[in-house]
Amino acid sequence: MRNVAIIGVGYTPVFVSKRKDVNIVEMMSESVDAAFRNTGLTPDDIDAVTFGNMQTFEGLNLPHLWASEHIRALDKPVLRVSTGGTVGMSVLQAAYYYVASGVYDVVMATSWEKQSEGDSQVGLAGIVLPEAIAMVQHGMDLFGIKGLGFGGGGSTGAASYQAMSYLHHSGASPEHIDKMAALERSNAVLNPYAHLRKKTTVEDIQATQMVAYPLRFGHTCPTTDGATTCIVASEDMVKKLTDGNVAWITGVGYAASDPCTANFLEGQITDPAEQMPAKIAVEKAYKQAGIKDPCKEIDMCELYNGFAHQSLMWLEKLGVCKEGEAHQMLDAGALEIDGEMPTNASGGVFSTNAIGSSAMNRPAECALQIMRKIEGEHQIPKKIRKALSHGWGGLFQYVAVMILADEPAKS
Amino acid sequence: MADKLERVVVEAQVPLDYTYNYRVGPYIERYIKGLGDKKILATKCPQCSKVAVPPRKECGVCNKIMDEWVEVGPEGVVDNYTVGHVKIEKGLVENLESPALLAMITLDGATVPLLAEVKGMAPTDLKKGLRVKAVFTDPAEDSLADLSHFEQVG
């Protein structure tokens with residue numbers, strides 16, 4: 001396999017709740033053009049394009065059929081990927097596979113979501129509905145009449161079981177979830193591409209409404225409009241096209257458990273916080289990247305956290321610390337931007353969730369941190385050699401991982 | 001003045017209204033019929049002996065067909081729970097009149113929890129490990145609603 005690097009990233013100018021000034025394809029093209037601007041490349045330099053968003057959220061089922069022109073992909077191979085919440089990472093991994101395999105040299109990966117033009121909970125129901133009906137969960141009122149829509153407050157209701165299990169096993173308290181939420185919202189203030197940019201205290205979080213115990217409104221991600229594009233290239237093309245300041249993709253992993261059952265919809269995995277796919281995916285990625293002790297070797301994390309408890313849970317599941325240690329790291333200040341293990345310096349999915357691009361923003365942020373090209377004030381002060389990015393979704397059981405580094409993997 | 005006279009079309013509305021119809025399949029059909037007889041039916045894996053409720057055809061872990069039917073419950077233990085405080089209607093979040101108790105319940109004889117509503121108790125009394133029993137709808141309607149909810153035992 002060939003070495004592959006992210007050579008540039010492009011974001012839409014803003015990530016906000018409603019982009020009423022542009023339509024969907026116009027918004028997509030903004031991030032594509034930003035990636036070209038940031039790399040100095042043109043569409044002629046691109047061999048192939050990978051593309052994706054969250055299926056069903058805007059009610060648009062085959063966007064690749066009409067988006068090609070707007071993502072500067074005319075007359076090129078366009079591969080559309082659809083894996084739910086992980087899709088942004090999947091689109092980038094598809095681009096990585098194209099280049100690593102030697103099929104293409106320079107590939108553009110673009111992902112987007114314009115959540116304001118659909119309904120996220122209806123979108124989720126569109127995914128869950130056939131399975132949920134087949135699985136027949138009692139007390140689930142799929143249309144939310146009794147407040148049980150997807151288990152008590154939409155996706156938050158579903159995540160509440162996971163949060164309960166995490167608290168039970170880790171020894172963390174609900175106040176640690178409040179504290180993690182306040183930290184990430186405060187990081188987002190520094191990030192011009194974050195959505196919720198308001199300095200937030202633990203008390204602010206605790207004053208928000210309880211949605212489904214133990215999760216409050218202040219523990220949940222927003223719905224966002226935005227798009228992200230990454231351009232990846234082979235080692236030869238890195239030499240030709242760049243000054244060498246790139247971020248190398250040194251390890252990838254992907255795993256799903258008990259397909260389509262959400263770990264709590266009927267599945268045989270009974271603990272929604274078990275997240276075995278995370279362990280499987282990250283072990284593969286660490287092995288490929290030659291990482292033996294992630295606690296010491298990983299310099300920063302960008303984790304997919306639709307809900308604030310997940311940042312802490314993922315640190316443990318992804319082997320960045322031991323089980324039960326994440327909330328202690330939080331208390332010790334280790335997860336802050338200038339801490340030992342900066343976690344979601346961007347503010348995370350928790351502060352910005354254009355869902356189709358959310359799992360691409362994680363490796364994109366790692367790449368920009370490594371390249372020291374962060375716009376805004378959330379650049380991590382220490383040098384980043386190895387970064388862990390992570391995507392999560394599906395029905396609680398789909399996990400993608402990507403390791404980025406300042407040097408290519410040694411062959 | 002000019003901007004007041006300008007006609008701006010910001011959105012094009014696309015009202016789609018369609019009810020999809022999904023087959024539940026023979027396993028769930030038998031399960032629903034069982035509820036009408038106040039029985040909760042599950043299937044068992046011939047290899048790992050896991051018992052799934054609602055019943056399913058495949059044990060993905062063992063790659064086996066789960067073809068043995070067993071009756072589980074009607075009592076079980078609360079494994080995990082949440083307390084819902086809001087409802088979502090047509091995309092809008094609204095407060096519930098009273099909190100909804102939702103639990104993952106491992107029924108006696110089952111190895112997989114069932115997600116269900118618990119009624120008749122205060123939210124603060126709902127705990128992991130609590131024993132609960134199924135309450136059936138009478139007369140039966142041959143629908144999923146035939147298993148109405150769960151209540152604390154005793």
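Visitor: Of the 411 residues of chain A, what percentage count as buried?
Guide: This is a predicted model, where local features need pLDDT of at least 70, side-chain atom pairs count only at pLDDT 80 or more, and totals for chains, interfaces and linings use all residues. Residues are numbered from 1 along each chain as its sequence is written, while chains are lettered from A and ligands numbered from 1 in the order in which they are written. Buried takes 20 or more other C-beta atoms within 10 Å of a residue's own (12 or fewer is exposed, in between is partly exposed; C-beta atoms are placed from the backbone). Of the 411 residues in chain A, the buried share is 63%.

Visitor: In which order do the strands of the open sheet of chain A stand?
Guide: Chain A has 14 helices and 11 strands, taken as DSSP runs numbered from the N terminus (helices are H or I, at least four residues; strands are E, at least two). Strands pair if DSSP finds at least two bridges between them. In this sheet the pairing is mixed, and its 9 strands run β3-β2-β4-β7-β1-β8-β11-β10-β9.

Visitor: Which strands of chain A stand at the edges of the sheet?
Guide: An edge strand here has a single partner, so one of its sides is left without a neighbour in the sheet. Neighbouring strands are turned by 25 degrees against each other on average, direction ignored. The edge strands of chain A are β3 (78-80) and β9 (300-302).

Visitor: Which helix of chain A packs on the sheet and touches β4 (106-114)?
Guide: The helix makes about 170 degrees with β4(A) in direction, angles running from 0 to 180 degrees between N-to-C directions of lines fitted to C-alpha atoms (for helices, over the stretch in contact). Among the other strands touched are β1, β7 (225-234) and β11 (398-405), a contact being two C-beta atoms, placed from the backbone, within 7 Å. That helix, residues 87-100, is α3.

Visitor: How many of the 14 residues of α3(A) are buried?
Guide: The buried ones include A:M89, A:L92, A:Y96 and A:V99. After the helix comes A:G102, with a positive phi near 90 degrees. α3(A) is mostly covered, and its buried count is 12.

Visitor: At what angle do the axes of α6 and α11 of chain A cross?
Guide: Helix α6 (174-189) and helix α11 (309-317) of chain A have axes that come within 7 Å. Residues A:H176, A:I177, A:M180 and A:E184 of α6(A) meet A:H309, A:S311 and A:L312 of α11(A). The axes cross at roughly 100 degrees.

Visitor: Why are 8 of the 8 residues a telling number for β11(A)?
Guide: A:Y398, A:A400, A:M402 and A:L404 point one way, A:V399, A:V401, A:I403 and A:A405 the other, and all are buried. With 8 of the 8 residues buried, β11(A) is therefore largely enclosed by the rest of the structure.

Visitor: Over how many bridges do β8(A) and β11(A) pair?
Guide: The two pair in the antiparallel sense, with A:A256 opposite A:Y398 in β11(A). The number of bridges between β8(A) and β11(A) is 8.

Visitor: Which residue in the turn between β10(A) and β11(A) has a positive phi?
Guide: β10(A) also pairs with β11(A) in the antiparallel sense, over 8 bridges, and A:H390 has A:V401 as its bridge partner. The two strands form a hairpin with 4 residues between them, and the turn residue with a positive phi, about 60 degrees, is A:G394.
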